[in-house]
Amino acid sequence: MSEAGKQVEPFVFHTENQLVVLTGRKARNAAEMLSQLTEVSGSSIFYHTHYLYLSHHFEKPPFYNDFAKWVSEALQEERLAERLAAIDMLAIPSIRQLREEIVAVFRRHLDDGGESREAPRGDEFHFCESKSFIMPTGLVAQDLPEFFSQIAEVSTSCIHFHFFEARLRLERPTNDFSQWLNDRGEERLARRIDRLNAYAMTLDELKAEIVKLGRRYRRSDGGNA
Amino acid sequence: MAVTLEDYREIVGPGVIEELHTLADRVRGRVIQNINSTSVGGGVAEILTRLIPLMRELGIDARWDVIKGDQAFFNVTKAFHNALHGKPEEISAEMFDVFRANTEMNLRETEITGDVVFIHDPQPAGLIQRKAEIGRRWVWRCHIDVSAPQANVWNFLREHVEKYDAAMFSMPDFAQRLSIPQFRVSPSIDPLSDKNKPLEKSAIEKVLEKYQIDRRRPLLTQISRFDRLKDPLGVIAAYQLVKKRHSRCQLVLAGGGATDDPEGEAVLREVREAAGADPDIHVLLLPPFSDLEINALVRASTIVLQKSIKEGFGLTVSEALWKKKPVIGGAVGGIKLQIINGVTGYLTHSPEGAANRISELLRDSKLRERMGENGYQHVRQNFLVTVNVKNYLLIMLALDHAGESIVNLN
């Protein structure tokens with residue numbers, strides 16, 4: 001363990017519960033979607049790009065990004081759906097930038113003369129927002145071994161909060177786990193967790209990957225240092 | 001023996017129960033009053049019958065009161081209900097007067113004891129008039145689809161609704177754009193009710209024997225009342241297409257009574273005609289209180305169908321998913337929230353589409369197993385009564401933190 005690590009606060013695992021807020025706003029085609037996207041709250045952008053990770057953590061759906069899902073299923077504009085799904089979420093540090101990326105994809109589609117198909121009645125896009133309630137889980141890690149053994153125990157909501165909410169909604173520089181490890185002088189391990197492509201796996205898989213990195217670390221020199 | 005919160009621990013996991021206790025601690029001390037229009041019969045009464053005892057077990061003073069009304073009032077509210085659903089109804093000035101008069105009577109006779117008052121559906125919505133005088137927190141829980149209502153009834157109701165502190169809807173498609181915060185709260189199933197609890201193999205076999213269904217052959221099932229909107233004829237058409245390639249396949253169409261519903265009787269007749277002499281199609285008109293038999297039929301099924309053309313929430317889908325059955329359904333209403341296309345089942349738009357998906361699933365037992373497991377997890381996370389309890393608790397907390405998108409409950 002590094003010297004710097006000794007002064008670091010323990011890691012407090014939090015969990016979240018989400019209430020889905022209905023905005024009453026809807027879009028029937030790409031043009032309406034573009035116009036609404038510039039007006040809805042950041043919570044709405046976050047909700048439609050992240051809630052599926054929470055509710056479908058057991059299996060990967062075809063799209064995690066709700067906008068891509070709607071474009072594919074309701075408008076059947078596969079090219080646009082693919083472009084939306086390909087937005088590199090890991091490279092985006094804030095909701096503001098995420099909104100700009102999504103807006104840019106829709107704008108490009110419309111500027112390129114892309115069709116503005118109408119969603120069938122009943123398949124309109126309904127904008128929602130998430131209202132998140134953050135609570136401590138009661139688990140607190142004083143050191144690395146505790147940290148990794150407790151991560152194996154926490155719920156997927158806990159992983160969702162520390163990975164997604166913390167970075168994008170609270171605009172912290174990285175996920176909370178990497179931040180804490182960094183503060184303890186464990187930069188390499190922090191970087192490895194930061195590099196995990198959380199958007200390409202289920203939350204259960206993400207948790208398993210973090211646990212695996214911890215196990216590998218304990219077996220390596222780092223763990224004995 | 002009455003079901004207790006502890007009975008759910010094994011089903012939902014200890015973490016969920018602990019979380020409910022933690023959230024309940026934060027609202028303890030407040031009286032939660034629910035008010036609706038009937039204590040028995042109907043979905044709302046069924047939900048409250050489960051919710052109230054669970055909340056009390058969490059140490060919350062949860063109460064349930066029912067408004068009064070004469071026959072004229074309930075005739076009017078039935079017409080309002082249809083009009084709010086978008087069905088054309090003649091609503092006269094006298095009918096609005098009947099509603100107002102009954103609301104006045106209930107304003108005098110219903111004691112508001114709650115610190116937070118949940119008013120269910122349009123019938124008691126006018127009780128909000130007490131808010132100006134006594135304050136408290138008021139939430140309108142709308143269980144119906146008001147997305148395309150008849151304007152005169154909605155405008156009348158909206159005046160009341162917008163005085164509430166918040167509203168709750170089952171899904172975004174059912175809601176209206178309102179000036180008050182609105183939350184989505186899905187309806188839920190109870191995993192310990194007769195319709196959903198685990199059954200002994202022998203109990204399932206007894207039901208199959210009773211209806212002469214061969215347990216060794218694949219079984220497709222749709223549970224729904226005999227109503228054109230549930231598309232039972234489309235289900236038979238899909239089955240007949242499948243039957244050409246899977247000759248061992250059987251179909252059960254089972255649903256509740258059509259005795260006082262002339263259209264239901266006509267649909268049942270058409271269904272029987274379409275079934276013709278095929279001994280592998282079982283059209284079962286089940287009497288009330290057949291929950292255990294429905295449970296057994298679904299558990300015995302290979303694939304469950306809910307091929308509706310129009311649907312409210314369609315909790316029959318969650319009931320089947322909970323039993324680890326892949327579900328093929330129409331892409332309408334709440335079915336779209338329950339069937340994750342390709343994950344918990346398939347959304348289809350025609351008998352041909354349904355037939356293709358049925359064949360695909362009949363050929364692939366591993367796929368059925370995986371979808372069944374996904375469906376079970378999906379319901380466990382989103383559509384169980386414990387999730388419903390949690391949402392009520394969160395809404396009470398949300399009222400304390402209006403305008404905050406992230407609420408820190410440290």
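B:I223 stands opposite B:A254 in β8(B). The strands here are DSSP runs of E, at least two residues long, and helices are runs of H or I, at least four, numbered from the N terminus. From β7(B) the chain passes through α9(B) to β8(B), a right-handed β-α-β crossover. Right-handed means a clockwise path from the first strand over the helix to the second, with the strands pointing away from the viewer.

This is a predicted model, where local features need pLDDT of at least 70, side-chain atom pairs count only at pLDDT 80 or more, and totals for chains, interfaces and linings use all residues. Residues are numbered from 1 along each chain as its sequence is written, chains are lettered from A and ligands numbered from 1 in the order written, and side-chain values use heavy atoms, without hydrogens and water.

The open sheet has six strands, ordered β9-β8-β7-β10-β11-β12 (chain B), with parallel pairing. β9 (281–285) and β12 (345–348) of chain B each have a single partner strand, so one side of each lacks a neighbour in the sheet. Strands pair if DSSP finds at least two bridges between them.

| Parallel pair | Bridges |
|---|---|
| β7(B) and β8(B) | five bridges |
| β8(B) and β9(B) | five bridges |
| β10 and β11 of chain B | three bridges |

B:V252 stands opposite B:H282 in β9(B). B:L305 has B:I328 of β11(B) as its bridge partner.

Six of the six residues of β8(B) are buried, so the strand is largely enclosed by the rest of the structure. Buried means under 20% relative accessible area (1.4 Å probe, protein chains only). B:Q250, B:V252 and B:A254 lie on one side, B:L251, B:L253 and B:G255 on the other.

Key. Buried < 20%, exposed > 50% of the residue type's maximum accessible area, 1.4 Å probe, protein only.
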